[in-house]
Amino acid sequence: MAQLWGGRFTKETDQLVYNFNASITFDRKFYRQDIEGSKAHVKMLAKQGILTEEERDQILAGLDGILADVENGTLEITEEYEDIHSFVEANLIDRIGEAGKRLHTGRSRNDQVALDMKLYTRDEIYQIDGELYDLLTTLLGIMKANTETYMPGFTHLQKAQPITLAHHMGAYFEMFKRDRQRLADILKRMNLCPLGSGALAGTTYPLDRDYTAELLDFDGPTLNSMDSVADRDYVIELLSALSTVMMHLSRFSEEIIIWNSNEYRFVEIDDAYSTGSSIMPQKKNPDIAELVRGKTGRVYGALMSLLTTMKGIPLAYNKDMQEDKELTFDAMDTVKGCVALFNGMLSTLRFRKDVMEASAKNGFTNATDAADYLVNHGVPFRDAHGIIGRLVLLCIEKDCAIDDLSLAELQSVSPVFEEDIYEAISLKTCVDKRLTIGAPGRAAMEKVIREEEAYLEKNKKRA
């Protein structure tokens, strides 16, 4: 079909060049945002007297008809159009005639695509935030139910000190809460309307950019027309935030994969989120967790690709910037899918509480508390450290936990030990006496849980 910009050209674009240049295969995702932006633009043009009310109403009815037909499947967005803007405008002209040709008054495809990308990104941020809210809700439920589910805490993948499952899940709650805060910060910075910036230098038409921004739920218009059409900072920020989301999901997935192994057996993954082996009938593989871990690289790649694309682009718009879309769309879809699937897996996960507690006992996670017991009975810490080290060696020889040694065996290493040592180094005591905010003790955890409940109540997902 003839191009909307074809007046300057005396021969048809080579088909290969046309295909290479076209964006309809991916910017068709913008159809709703493009029509939404066009409707706001037309309302503003009529308000300013640039269009008549009759023209406004014709165009709005035509745009509504296109939207309805696309969504009910009677109008297909095909590759005969160069981009989504051409598709909407050409179909509008076909439907309403001359009035449709006035849709593009006072704007350029440069500010149009900048608007569409912002509207689409904003909508996607709301959806991703909603998925994170649901994941946080699942995590909080696990935390509430497991303030006395004891397990080993790790450093260097070595058992370190006893904690609770609530405390461990709380660490991920904080991570995903910060992810939501990052998305909220991006929304604040990006929520300015570029429409009316033209190709790069504004327009001579008396546009009311504040009115257009208000119609589209922006906080106001952008303040520099060159920056407006050349800005992709918010996309880079979003890809950075999404990379962090995926990093957190990948860490969590790694732990579930480890916990699901035969050596740990801390969890059992629901059949719906596992697969078997084609040759080994005993296998139950954590495929969803592994795929989430693997897909992290896709999102990292999108961030690095766009940073590289933007680093050498002079002002204002350049066609290179069309490369922002496919990778960003893929990253958005990847993150939404991964968060939703991970949440489903987590919500159906069965925690082996008995195995976790036995692992904490047999891993000498209460060794530090045993040393503290000696210090509280007048033994210098450095000496206490050595005494407990010898106790651990004795336990290794006997293949038992510190708690399993008799008082006589304990006193053979240090006469300071008394009967109350067993209470002092029980997992419950070790955990519950850690009462500072942020620690795993039950009282501290319950206070944090109340704060997290208040956070979710105050920061609900967008309906």
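Is α5 mostly covered or mostly exposed, and how many of its 13 residues are buried? Helix α5 is mostly covered, with ten of its 13 residues buried (under 20% relative accessible area with a 1.4 Å probe, protein chains only). This is a predicted model, in which local features need pLDDT of at least 70, side-chain atom pairs count only at pLDDT 80 or more, and totals for chains, interfaces and linings use all residues. Residues are numbered from 1 along each chain as its sequence is written, and side-chain values use heavy atoms, leaving out hydrogens and water.

**Helix α5**
- Helix α5 spans residues 84-96; helices are DSSP runs of H or I with at least four residues, numbered from the N terminus.
- From first C-alpha to last, α5 reaches 18 Å, close to the 18 Å expected (1.5 Å times one less than the number of residues).
- At its start, a side-chain oxygen of Asp83 comes within 3.2 Å of the backbone nitrogen of His85.

**Burial**
- Among the buried residues of α5 are Phe87, Val88, Glu89, Leu92 and Ile96.
- Their cover includes α2 (24-27), α3 (31-47), α4 (53-72) and α6.

**Packing against α6**
- The axes of α5 and α6 (residues 109-145) lie 10 Å apart at an angle of about 110°; axes are lines fitted to C-alpha atoms over the stretch in contact, and angles run from 0 to 180 degrees between N-to-C directions.
- The two helices, α5 and α6, are therefore roughly perpendicular (65 to 115 degrees).
- Ile84, His85 and Ser86 of α5 meet Arg109, Gln112, Val113 and Asp116 of α6, where contact means heavy atoms within 4.5 Å.
- The residues of this contact comprise two nonpolar, three polar and two charged.

Note on methods:
Parallel < 35°, antiparallel > 145°, perpendicular 65-115°, else oblique. Nonpolar A, V, L, I, M, F, W, Y, C, P; charged D, E, K, R; others polar. Buried < 20%, exposed > 50% of the residue type's maximum accessible area, 1.4 Å probe, protein only. Polar contact = N/O pair within 3.5 Å; in protein donor to acceptor, adjacent residues only side chain to side chain.
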